[in-house]
Amino acid sequence: MTVEELAKGLRLTANAVRNQLRKLEAANLVVRSGSRPGVSKPSSLYSITLEGQVQFSTLYLPVLTEFLEVAEGQCSGKQLVSFMSDTGKSLAKRYPKPTGTLKDRVNAAARLLKGFGGIMEVQTRNGTMVLRSSGCPLAALTSENTAACRVIEGLLGEYLSARVVTCCDLTAEPQCCFEIASKDRAQPLLR
């Protein structure tokens with residue numbers, strides 16, 4: 001649609017629409033997709049991007065929730081944990097691995113998870129680094145499908161090149177928690 005068409009449909013001024021389109025373009029949610037001849041000059045056409053379609057779709061969550069329920073019913077516990085962890089590891093490959101000390105890398109992981117909607121806090125507990133959040137970016141899934149936490153566990157393990165163990169609180173309001181083992185730690189982290 002053109003700015004004028006959007007303004008008419010939304011009952012806004014053309015300038016108000018242009019202002020919002022600039023913000024949506026900056027967020028990669030809309031893009032100029034062509035032009036249409038106008039009275040005095042061509043009018044730009046705007047379209048929603050694939051990223052915008054993903055952001056505005058309401059179907060992803062029900063499909064993913066149903067998929068996890070079916071997977072939980074058809075896989076053994078070990079198979080499901082492995083599948084979810086491998087999914088996280090694969091997802092991690094989309095992001096450049098951080099460098100530096102373990103603390104530097106864990107802080108980078110906290111920033112990465114913040115980009116997914118998790119506000120992570122880095123803590124130290126008994127000499128172990130812990131990523132903890134008062135919420136969960138996958139809360140809509142983890143409340144019914146606890147295996148969803150294993151995706152983030154796998155992602156963090158691959159991203160940090162470290163052993164990560166889930167210590168999430170999956171009560172009524174899920175809270176993320178991941179323990180990160182330093183390389184010199186021989187015993188597995190169990191909670």
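## The β1–β2 hairpin

Strand β1, covering residues 30-36, runs antiparallel to strand β2, covering residues 43-48, and six bridges join the two. The model described here is a predicted one. Six residues separate β1 from β2, and the two strands form a hairpin. Within this pairing, V31 has S47 of β2 as its bridge partner.

S43 belongs to strand β2. With a relative accessible area of 18%, S43 is classed as buried, because the limit for that class is under 20%. When neighbours within four places in sequence are set aside, the contacts of S43 are T2, E4, G34, S35, R36 and G38.

## Salt bridges

The structure contains six salt bridges. R18 is partly exposed at a relative accessible area of 32%. E4 is likewise partly exposed, its relative accessibility being 41%.

Because R36 lies in strand β1 and E5 in helix α1, the pair ties together parts that are 31 residues apart in sequence. R36 has a relative accessible area of 37% and is therefore partly exposed. E5, at 30%, is partly exposed as well. A further salt bridge brings together the side chains of E25 and R32, at 3.5 Å from N to O. For E25, the relative accessibility of 27% corresponds to the partly exposed class.

## Aromatic pairs

With ring centres required to lie within 6.5 Å, the count comes to two aromatic pairs. In the pair F67 and F83, the ring centres are 6.1 Å apart and the planes meet at 50°, so the arrangement is tilted. F67 is part of helix α4 (residues 60-74) and F83 of helix α5 (residues 77-92), so this pair ties together parts that are 16 residues apart in sequence. F67 is partly exposed, with a relative accessible area of 42%. F83 is also partly exposed, at 38%.

The rings of Y95 and F116 have centres 5.7 Å apart and planes at 70°, and the pair is therefore edge-to-face. The angle decides this class because planes over 60 degrees apart count as edge-to-face. Y95 is located in the loop between α5 and α6 (102-115), whereas F116 is in the loop between α6 and β3 (120-125), so the pair ties together parts 21 residues apart in sequence. Y95 counts as partly exposed at 27% relative accessibility. F116 falls in the partly exposed class too, at 32% relative accessibility.

Note on methods: Residues are numbered from 1 along each chain as its sequence is written. This is a predicted model: local features need pLDDT of at least 70, side-chain atom pairs count only at pLDDT 80 or more; totals for chains, interfaces and linings use all residues. Side-chain values use heavy atoms; hydrogens and water are left out. Two strands pair if DSSP finds at least two bridges between them. Helices (H or I, at least four residues) and strands (E, at least two) are DSSP runs, numbered from the N terminus. Rings of Phe, Tyr and Trp (its six-membered ring) pair if their centres lie within 6.5 Å; planes under 30 degrees apart count as stacked, over 60 as edge-to-face and the rest as tilted. Buried means under 20% relative accessible area, exposed over 50%, partly exposed in between (1.4 Å probe, protein chains only). A salt bridge is a side-chain nitrogen of Lys or Arg within 4 Å of a carboxyl oxygen of Asp or Glu. Contact means heavy atoms within 4.5 Å.
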